[in-house]
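Have the structure open beside you as you read.

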Amino acid sequence: MASKAASETEASSSSAPGEGPGDDTGQGAGQGTGQITGEGTTSGKYVRSSVAGAAKIMVVGPLGVGKTTFIGTVSEIKPLSTEAVMTQAGASVDVAVDRAKATTTVALDFGRMTLDGELVLYLFGTPGQQRFLPAWRDLARGALGALALVDTRDLTSSFDALGHLEDLGLPFAVAVNVFPGSPLHSDGELRAALDLLPETPLVTCDARDERSSVMALIALVRHLVRAAESS
């Protein structure tokens with residue numbers, strides 16, 4: 001990630017996040033947009049000439065946490081998705097909180113998002129099941145950081161993904177994907193349950209809502225900038 005893009009990302013001013021309509025939008029936890037914005041879905045398939053840097057970012061989490069939806073929401077290009085129908089053979093091991101889930105990512109999801117016209121994020125979504133860990137680790141090569149999605153309906157299902165990130169030494173932020181009927185917990189309770197370090201960003205989002213999803217990525221980018229400056 002180019003130092004120019006990183007420094008301008010960090011220097012952008014903050015403002016309180018807004019909320020989307022009804023129950024479909026998660027509220028960002030204390031992160032402001034400033035001048036950093038996602039470019040939306042109308043940017044075209046080519047990277048803008050103004051882009052000064054790029055970063056590979058992982059989007060991780062357990063089965064059914066919303067990784068495919070998240071990348072599809074923020075990607076400015078048509079995302080690549082490797083969704084396959086879940087079979088009866090895997091029913092005993094591929095258990096999601098949402099029992100109605102019928103498909104799963106079997107290789108990766110891929111999308112692209114530009115921040116403030118200067119920093120491109122290449123987003124790689126991982127399969128959620130433990131048996132895909134070898135592919136998961138391969139996808140993590142060259143990544144600058146990761147956004148870990150969690151579901152408060154089953155926090156324990158996120159432990160493996162967070163543990164893998166720690167084993168890889170990959171900086172990450174945690175985004176609680178708000179589902180209808182999700183239990184509500186304080187930041188302190190969530191940090192204790194997930195055993196997060198004080199400096200690890202913790203935000204909430206709705207993977208279907210572009211604004212709150214972009215805010216989660218902004219929180220991660222700012223964390224990466226701070227980590228780079230302190231190293």
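Let's begin in a loop: T200 sits between helix 5 (187-194) and strand 7 (202-205). T200 is buried, because its relative accessible area is 6%, below the 20% cut-off for that class. Leaving aside residues up to four places away in sequence, T200 touches F172, A173, V174 and R191. Please keep in mind that this is a predicted model.

- Is P198 buried or exposed? P198 is exposed, with a relative accessible area of 72%, whereas T200 is buried at 6%.
- D195 has a phi near 55°, a positive value in a residue other than glycine.
- From C-alpha to C-alpha, D195 and L162 are 9.4 Å apart in space, and in sequence they are 33 residues apart.

- Most residues other than glycine have a negative phi.
- D116 has a positive value, with phi near 55°.
- Where is D116 placed? You will find D116 in the loop between strand 3 and strand 4 (119-125).
- D116 counts as partly exposed, because its relative accessibility is 34%, which falls between the 20% and 50% cut-offs.

**The overall build**

- The protein has six helices and seven strands.
- Starting at the N terminus, the order of elements is α-β-α-β-β-β-α-β-α-β-α-β-α.
- The protein has 231 residues, and 49% of them count as buried.
- Take the contacts between residues at least 6 apart in sequence: 76% of these join residues at least 24 apart.
- The accessible surface of the protein is about 10700 Å², and carbon and sulfur atoms account for 54% of that surface.

**Salt bridges**

- Side chains of opposite charge can pair when their charged atoms come close.
- How many salt bridges does a search of the whole structure find? The search finds four, and three of them are described below, including the pair R112 and E76.
- In the salt bridge of R112 with E76, the closest N and O atoms are 2.8 Å apart.
- R112 lies in strand 3 (residues 103-115), and E76 lies in the loop between helix 2 (67-74) and strand 2 (80-85), so this pair ties together parts that are 36 residues apart in sequence.
- Both partners, R112 and E76, are buried.
- R141 forms a salt bridge with D138, and here the closest N and O atoms are 3.3 Å apart.
- R141 counts as exposed at 62% relative accessibility, while D138 counts as partly exposed at 42%.
- D151 and R153 bring their side chains together in a salt bridge, at 2.8 Å from N to O.

**Helix 2 against helix 6**

- Two packed helices are described by the angle between their axes and the distance between the axes.
- The axes of helix 2 and helix 6 (residues 210-230) come within 9 Å and cross at roughly 100°.
- That angle makes helix 2 roughly perpendicular to helix 6, because 65 to 115 degrees is the range for this description.
- Which residues meet where these two helices touch? F70, T73 and V74 come from helix 2, and they meet E210, S213, V214, A216 and L217 of helix 6.
- By class, this contact of helix 2 with helix 6 has five nonpolar, two polar and one charged residues.

Note on methods. Residues numbered from 1 in each chain as written. Predicted model: local features only at pLDDT ≥ 70, side-chain atom pairs only at ≥ 80, totals over all residues. Heavy atoms only, no water. Helix = DSSP H or I, 4+ residues; strand = E, 2+ residues; numbered from the N terminus. Buried < 20%, exposed > 50% of the residue type's maximum accessible area, 1.4 Å probe, protein only. Axes fitted to C-alpha atoms, helices over the stretch in contact; angles between N-to-C directions. Parallel < 35°, antiparallel > 145°, perpendicular 65-115°, else oblique. Contact = heavy atoms within 4.5 Å. Nonpolar A, V, L, I, M, F, W, Y, C, P; charged D, E, K, R; others polar. Areas by Shrake-Rupley, 256 points an atom, 1.4 Å probe, with all protein chains shown as cover.
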